[in-house]
Each structure stands twice: as structure tokens, then as C-alpha cells.
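Please look over the sequence and the structure shown here. The briefing that follows takes them topic by topic.

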Amino acid sequence: MRSFFNRQNKFQPRTEDAAVSADQQVPDDMWVKCPSCGDLLYSRELRQNARVCPKCSHHFRLRARERIFLLADDGTFREWDAELRPEDPLNFVDGSGPYTRKVASSSKKSREPEALITGRVSLGGNEVGLAVCDFDFMGASMGSVFGEKFVRATERCLALRIPLVTISASGGARMHEGMFSLMQMAKTVAALGRMRRAGLPHVALLTDPCYGGVTASYATVADIILAEPGAMIGFAGPRVIEQITKQKLPEGFQTAEFFLDHGMVDGIVPRPELRGTIVTLLNHYARAAKRINPTTTRPGDDIVVPALDKLATLTDSPIGDDVLIGTEAAAAPSGERTT
Ligand SMILES: [Zn+2]
């Protein structure tokens with residue numbers, strides 16, 4: 001077992017940089033070669049097109065804040081829990097060094113303190129909670145702070161009675177935290193259960209790549225599951241499945257289109273239509289919510305919405321504790337940040 005953790009040639013999540021090999025990168029970021037059609041694209045034109053190839057519609061990966069910028073009404077994003085940082089509960093060390101060092105280098109590279117960014121935002125005039133993965137931070141693996149931020153976002157959605165929109169791209173659970181990371185699967189899904197019982201919707205968008213514990217937990221228990229064209233989605237990767245089952249996998253296996261054909265996602269939405277589609281869904285919910293008194297919960301609900309004056313402060317909450325955090329009124333000074 002020890003040798004497993006000391007392996008030097010560990011699996012590394014495929015990043016956009018890796019996907020676009022060295023010969024496809026042109027100096028100064030002036031031009032980018034599309035990995036799908038091979039065309040040379042002017043990077044500014046690509047950015048203006050939401051990083052979708054204008055020739056073949058290949059969807060390049062986006063950073064979390066790029067996604068928020070593309071989706072949100074201008075200037076409405078208020079970040080939650082930006083000060084939370086990953087801990088190292090196991091003092092974990094593997095062949096590439098201590099987990100803490102890995103977190104520090106990932107944070108420096110991605111300029112994010114954790115792989116999940118949460119906050120409140122307006123989408124077409126609809127207030128929603130938002131939880132967006134940043135794959136550049138350790139492959140957006142789900143550790144205990146990732147899970148805690150997710151749960152706090154759902155608690156705020158409950159307190160504010162607003163829907164939750166999640167955008168997922170992840171390599172799965174963060175093995176450096178062992179069982180602590182696996183527990184986040186149950187913790188996030190339990191939090192969504194409370195939202196479901198309160199009648200608050202969860203719209204999930206699966207983007208490339210979405211794997212492991214994220215696919216197997218909160219990302220696929222949404223009320224509406226959307227995916228971007230061509231996104232790779234699954235639990236274990238296709239190579240691992242082929243090795244275990246010793247069967248040839250069908251063409252297109254684990255693509256968003258394959259998932260749509262097999263009833264695992266509700267729709268595939270090209271990026272330029274994404275904002276409009278999500279706003280339409282939220283408008284439908286808002287109209288329905290008005291018809292059925294939104295302040296009344298149904299029998300059997302076990303929602304706990306803490307009083308504002310009894311809230312735990314964000315900084316005092318031990319990471320990983322199941323702390324109920326209240327509305328932005330309590331969080332705004334320290335827990336909510338405008339970007
Ligand atoms: Zn292309």
C-alpha cells in the first residue's frame with residue numbers, strides 16, 4: 001500500500017495545457033491551435049467567442065471566473081467563503097511531496113485558494129447561489145473545504161430561498177484527504193436533499209471533464225442536468241473500465257451526447273446558448289414559485305434556517321464541521337466579496 005503512495009508516475013488529470021500539446025501552442029498566446037479541427041485561431045477572437053472554436057464549435061475549457069463572467073448579470077457576483085483554505089488532516093505525503101506543498105503550488109498557479117468558488121449572483125434578474133469548479137486547482141478535486149463551501153452555499157440558498165446553479169469539472173475526490181474527501185460525497189448530497197425538501201431547484205451543468213466523486217455525488221442528483229457539447233463525463237476513465245471489464249467500449253462512450261442518449265443528462269447546451277437556457281429555466285421556476293406560496297414549506301421538511309444573531313462566524317467554524325451558516329447579512333462583511 002505504501003508503495004502506491006510513493007509512485008512517481010501517478011495519474012495526472014489532463015489539463016487544457018496538456019491537451020494542447022507543445023507544438024500546438026504558439027508563443028505569446030497570439031494564436032491557439034484547435035485540438036479538434038486543427039485550425040489556427042486568433043486568441044482574442046477565441047475569447048470573444050466564449051472560447052468556442054468558430055470553425056468546428058469545439059468547446060475549450062474555461063476557468064471558474066470566466067464562467068461566472070459569462071453567465072452573470074454584470075457586476076452582480078458576491079463571493080462566499082473566499083477566505084477558506086484547505087487543511088491537511090492526514091499530514092499526507094506521497095511521491096511528489098507533502099500535500100500542503102501541492103496546495104501551495106496549485107494555489108499559486110491557479111491564483112485560487114480552493115477548487116470551488118461559491119457566491120450569490122443574478123442571472124437574468126433571478127437571484128441564485130452559484131458553485132463553480134476551477135479545474136486548474138488540483139483538477140478541481142473535492143476535498144473537505146470544497147465540500148464545506150458547497151454545503152455552506154446550499155445553506156445560504158435555503159436561508160435566502162433561492163435556487164442553486166452548479167458548474168462542475170473535476171477529476172473526482174481528493175485522495176490526499178482520504179476518507180475526509182470521500183465523506184464530501186454524502187455531505188453534499190445530504191445538503192441538496194434539504195434543498196429538495198424545501199422546494200428549491202438545483203440546476204447542474206457538467207463540463208469537460210467531469211469524473212469521479214463529483215459525478216457520483218452532487219453533480220448528477222440535480223433537478224435539471226445540462227452538459228456542454230463533447231464534455232467527457234463519467235466515474236472511472238474509459239481505459240480503466242476497459243481493463244477491468246475486458247470489453248471494447250462503444251464509440252462516444254462517456255461523452256455528453258452518449259449520456260443524453262442514455263437518459264443521464266437532460267440537455268446539451270452549446271455555450272453561446274447557456275446563459276439564455278439557464279435564465280429561461282429560472283424564470284419558469286420563479287413563476288411556479290409565485291403560484292405556490294414560497295414561504296411555506298411542506299410537511300416533513302426539516303429545514304433549519306438559523307436566526308441571524310445566532311450564526312457561527314465563518315472564520316470560527318472548524319473546517320469540516322457541519323455548521324449552518326446564515327444569510328449574506330451575516331456573511332457580507334467577511335464572507336462575501338465582490339469581484
Ligand atoms: Zn475547431
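Helices (H or I, at least four residues) and strands (E, at least two) are DSSP runs, numbered from the N terminus. With those terms, R61 lies in the loop between α3 (43-48) and α4 (64-71). This is a predicted model, in which local features need pLDDT of at least 70 and side-chain atom pairs count only at pLDDT 80 or more, while totals for chains, interfaces and linings use all residues. Residues are numbered from 1 along each chain as its sequence is written.

**Overview**

- The protein has twelve helices and twelve strands.
- Of its 339 residues, 38% count as buried. A residue is buried if 20 or more other C-beta atoms lie within 10 Å of its own, exposed if 12 or fewer, and partly exposed in between, with C-beta atoms placed from the backbone.
- Among contacts between residues at least 6 apart in sequence, 69% join residues at least 24 apart. Two residues are in contact if their C-beta atoms, placed from the backbone, lie within 7 Å.

- Two strands pair if DSSP finds at least two bridges between them.
- Strand β7 (residues 126-133) pairs with β8 in the parallel sense over four bridges. In this pairing V132 stands opposite I167 of β8.
- Strand β8 (residues 164-170) in turn pairs with β9 in the parallel sense, over six bridges. L164 has H202 as its bridge partner in β9, and S170 stands opposite C210 in β9.
- β9 also pairs with strand β10 (residues 224-227), in the parallel sense and over four bridges. L205 has L226 of β10 as its bridge partner, and L206 stands opposite A227 in β10.
- β10 and strand β11 (residues 267-268) run parallel and are joined by two bridges. Here the bridge partner of A227 is I268 in β11.

**Cover of β8 and β9**

- β8 is mostly covered, with seven of its seven residues buried. L164, T166, S168 and S170 point one way from the strand, V165, I167 and A169 point the other way, and all are buried.
- Strand β9 (residues 202-210) is also mostly covered, with nine of its nine residues buried.

**Crossovers**

- A crossover is right-handed if, with the strands pointing away from the viewer, the path from the first strand over the helix to the second runs clockwise.
- From β7 the chain passes through α6 to β8, a β-α-β crossover that is right-handed.
- From β8 the chain passes through α7 to β9, and this β-α-β crossover is right-handed.

**Helices α6 and α7**

- How do the axes of α6 and α7 cross? Those of helix α6 (residues 144-160) and helix α7 (residues 178-197) come within 9 Å and cross at roughly 10°. Axes are lines fitted to C-alpha atoms, for helices over the stretch in contact, and angles run from 0 to 180 degrees between N-to-C directions.
- α6 and α7 are therefore roughly parallel to each other. Angles under 35 degrees count as roughly parallel, over 145 as roughly antiparallel, 65 to 115 as roughly perpendicular and the rest as oblique.
- On the α6 side, the contact is made by S144, F146, G147, F150, V151, T154, C157 and L158. On the α7 side, it is made by F180, S181, Q184, K187, T188, A191, L192, R194 and M195.
- By class, this contact has nine nonpolar, six polar and two charged residues. Ala, Val, Leu, Ile, Met, Phe, Trp, Tyr, Cys and Pro count as nonpolar, Asp, Glu, Lys and Arg as charged, and the others, Gly among them, as polar.

**Backbone details**

- Most residues other than glycine have a negative phi, and most peptide bonds are trans.
- D81 is not a glycine, yet has a positive phi of about 55°. D81 is in the loop between β3 (78-80) and β4 (93-94), and counts as buried because it has 27 C-beta neighbours inside 10 Å.
- R161 is not a glycine either, and has a positive phi of about 55°. R161 lies in the loop between α6 and β8, and counts as partly exposed because it has 16 C-beta neighbours inside 10 Å.
- The peptide bond joining D208 and P209 is cis, with omega about -10°. P209 is in strand β9.

- R61 counts as buried because it has 21 C-beta neighbours inside 10 Å.
- R61 and R51 are ten residues apart along the chain, and their C-alpha atoms are separated by 7.6 Å.
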